[in-house]
Amino acid sequence: MSAILPLGDPRLRRKSAAIDPQESLLEQYLQDLATALHSFKAAHGWGRAVALPQLGVASRAIVFDLGSGPFFALNPVIEWLSPETFEVWDDCMCEPNIAVRVLRARSLTLSFVDETMRKRRLERVAAELSELIQHEVDHLDGIVFTDRMIPEWGVISRRMREVAIPVSSAVEINALQHAADRNYKRH
Ligand SMILES: [Zn+2]
């Protein structure tokens with residue numbers, strides 16, 4: 001089984017090539033993707049998709065499992081991105097301990113072929129799937145989640161997503177605290 005590459009591995013930076021339907025290793029690749037997703041989820045309790053570049057193969061394939069079993073998207077193309085955006089915590093199996101805040105399009109339409117080379121389309125998907133697809137298609141283009149980070153939030157431990165505050169708030173709180181300390185020392 002192929003291991004998921006850690007964030008910083010140069011192979012995550014390659015722009016992947018289109019999958020050739022005649023690719024002799026295709027079946028093996030898809031099996032590896034499904035196994036990687038299943039293993040990660042078993043070990044960490046989360047994870048909805050893996051892109052083939054995360055396994056060190058620069059080809060455009062993604063496995064998704066949204067709860068009803070794995071399905072594959074080969075040569076996916078984002079046909080439309082909604083002008084509406086939203087902020088969300090993003091995480092990645094390449095570095096499962098951290099999260100960053102990103103801005104994503106709220107909806108999108110994706111075309112792709114499935115593992116039987118049938119053309120498929122996901123029309124105007126919901127926000128949760130939209131952000132996931134944008135994350136995975138980014139992997140195919142050599143872009144990782146930290147590249148999309150909103151700097152005001154910094155990098156946080158993934159398990160702190162519910163309590164983290166923006167860096168700007170922290171600076172304000174610290175400034176107030178310093179002022180309070182100064183007053184305390186004065187009197
Ligand atoms: Zn990722």
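**Exercise 1.** Which residue in the hairpin of β6 and β7 takes a positive phi?

*Solution.* Start with the strands, which are DSSP runs (E, at least two residues) numbered from the N terminus. β6 covers residues 108-113, and β7 covers residues 119-122. Between these strands lie 5 residues, and methionine 117 has a positive phi near 70°.

A note before going on: this is a predicted model, where local features need pLDDT of at least 70, side-chain atom pairs count only at pLDDT 80 or more, and totals for chains, interfaces and linings use all residues. Residues are numbered from 1 along each chain as its sequence is written.

**Exercise 2.** Which strands pair with β6, and in what sense?

*Solution.* Two strands pair if DSSP finds at least two bridges between them. Look at β3 (residues 70-81): its pairing with β6 is antiparallel, over 5 bridges. Here tryptophan 80 stands opposite threonine 109. Now turn to β7, which runs antiparallel to β6 and is joined to it by 4 bridges. Valine 113 has lysine 119 as its bridge partner there.

**Exercise 3.** Which residues of β6 form its covered face?

*Solution.* Recall that side chains in a regular strand alternate between the two faces of the sheet. In β6, Leu108, Leu110 and Phe112 make up the covered face, while Thr109, Ser111 and Val113 make up the uncovered one.

**Exercise 4.** Is glutamate 162 buried or exposed?

*Solution.* First find glutamate 162 in the loop between β8 (156-157) and α3 (167-186). Then apply the cut-offs: buried means 20 or more other C-beta atoms within 10 Å of a residue's own, exposed means 12 or fewer, and partly exposed is in between, with C-beta atoms placed from the backbone. Glutamate 162 is exposed, because it has 6 other C-beta atoms within 10 Å.
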